[in-house]
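Open the model in your viewer and keep the sequence panel beside it. The stops below say what to select next and what is there.

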Amino acid sequence: IIAYLLYQNTKRYYSSEMIALSNSTRNTYVVSSVNLLNDLFKQKNYSIAANYLDIDLFKAKDIKSINAFYAIDINRDGLPDYFDYKQKYNPKDTTITRLDNYFVVRLEVYDENVFAQVRNGIKNYIYKNKFIIDNNNERIRQNKILIEKIEGEINRLDSLQKVEYFEIPKMQKANASQMVVLNEKERKLYHDQKLSLERERLRLERDLNINSEPITIVQDFTPLSKAENPYSKYAIKIGLLFALIGFFVSLLWQYRQTIITTYLNLIKNQ
C-alpha cells in the first residue's frame, strides 16, 4: 500500500542519452558547462534554464535533470568503451584513459515529447559559449590553411614527378653523350609522399564537412516508452524494506522474554 501511494504521488519520468564529439575544445569545457546548467533544474530555476536553452518555460518544467559524463577507453583505440556515469575515474589508473573528445548527455524528462527541443536547446546553450565558438572558428581557419599548403605541396610533387618521368628522358635522348642516372627509389617516393598528403587533405576536408560545428552528435536522444520509476521499482524497494523490518520485529517478538530478562538482570547488576 505504501509503495502504491508513493507511486501515485510521484511523477513518471523518462531518460535518454545523446553521445557527441567535442570538435573545438577538450570535452572538459562542454561537460562542466552542461553540468552547471543542471544546477538550475536542481534549484527549480526554470525561467533562467529556459532562457539558456532557448525553449519554452513549460518545456523547461518538463525537464528533471541534464547531466554530462566522460567517455572511458580501456583498449587505447580512441573509441569509448563505457561512460563514467558514477564518476569513478582515477587518473592514476594507467589501464584506462578518459577521452578528450567523446561525451554523453543524459536527459531525464517528465514528457517524452520534449527530447527533440531539448537537444536543440543544449546545442544553443553550448554555442553561446564564446570560448568554444572562438576555438572552433580558429580550428576551421587553421584546417583551411593546411589544406591550401598540402595542395601546394602536391602540385610541386606533380611538377617534380613530370620532370623525372618526362623531361629527363627527353634530355637523355637529345644528348646521348650525357648520361643521366634516374633514381628509381626516388620516383616511388614521390608516389608515397603524394598519397600521404592526399590522405591528410581528405581527412581535413572530411573534418570540415562533417565536424564543422563545435560538437557533432553521434547518437541522438531517443524517446523511450518505459518509465524510469515504474510501480515495480517502488514495490521492490518498499517490499524489501518492510521485509527486513518485519524480520527484525519477528525476532524481537520471538525472543522478547529473553531480551526483557537480560535487560532486567543488567539493571540489577548495576
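Select D134 and K130, which sit four residues apart in helix α6 (residues 130-174) and are therefore separated by about one helical turn. Helices here are DSSP runs of H or I with at least four residues, strands are runs of E with at least two, and both are numbered from the N terminus. The two side chains meet in a salt bridge, N to O, at 2.7 Å. A salt bridge is a side-chain nitrogen of Lys or Arg within 4 Å of a carboxyl oxygen of Asp or Glu. D134 is partly exposed at 36% relative accessible area, and K130 is exposed at 61%. Buried means under 20% relative accessible area, exposed over 50%, and partly exposed in between, with a 1.4 Å probe and protein chains only.

This is a predicted model, in which local features need pLDDT of at least 70, side-chain atom pairs count only at pLDDT 80 or more, and totals for chains, interfaces and linings use all residues. Residues are numbered from 1 along each chain as its sequence is written, and side-chain values use heavy atoms, with hydrogens and water left out.

Next, select helix α7 (residues 184-210), where E198 and R201 lie three residues apart, about one turn of the helix. Their closest N and O atoms are 2.7 Å apart, in a salt bridge. E198 is partly exposed at 25% relative accessibility, while R201 is buried at 17%. In helix α7 you also find R203 and E200, three residues apart. R203 forms a salt bridge with E200, with 2.7 Å between the closest N and O atoms. R203 is partly exposed at 46% relative accessibility, and E200 is partly exposed at 30%.

Now go to D84, in the loop between β3 (82-83) and β4 (97-109). Leaving aside neighbours within four places in sequence, D84 is in contact (heavy atoms within 4.5 Å) with F69, Y70, I72 and Y89.

Stay in the loop between β3 and β4 and pick Q87. Its phi is near 55°, a positive value in a residue other than glycine, and Q87 is exposed at 59% relative accessibility. Then select R76, in the loop between β2 (63-73) and β3. R76 is not a glycine, yet has a positive phi of about 55°; its relative accessible area is 57%, so R76 is exposed.

For the last stop, select L244, F247, F248, L251, L252, Y255 and I259, which form a nonpolar patch on the surface. Five residues of the patch, the largest share, come from helix α8 (residues 231-254). L252 is in helix α8 and is exposed at 53% relative accessible area.

Finally, zoom out to the chain, which has nine helices and five strands. Buried residues make up 33% of its 270 residues.

Note on methods: Patches are made of residues with over 30% relative accessible area and no salt bridge: like charges are joined within 9 Å, nonpolar side chains (Val, Leu, Ile, Met, Phe, Trp, Tyr) within 5 Å. Accessible areas come from the Shrake-Rupley method with a 1.4 Å probe; for residues, only the protein chains shown count as cover.
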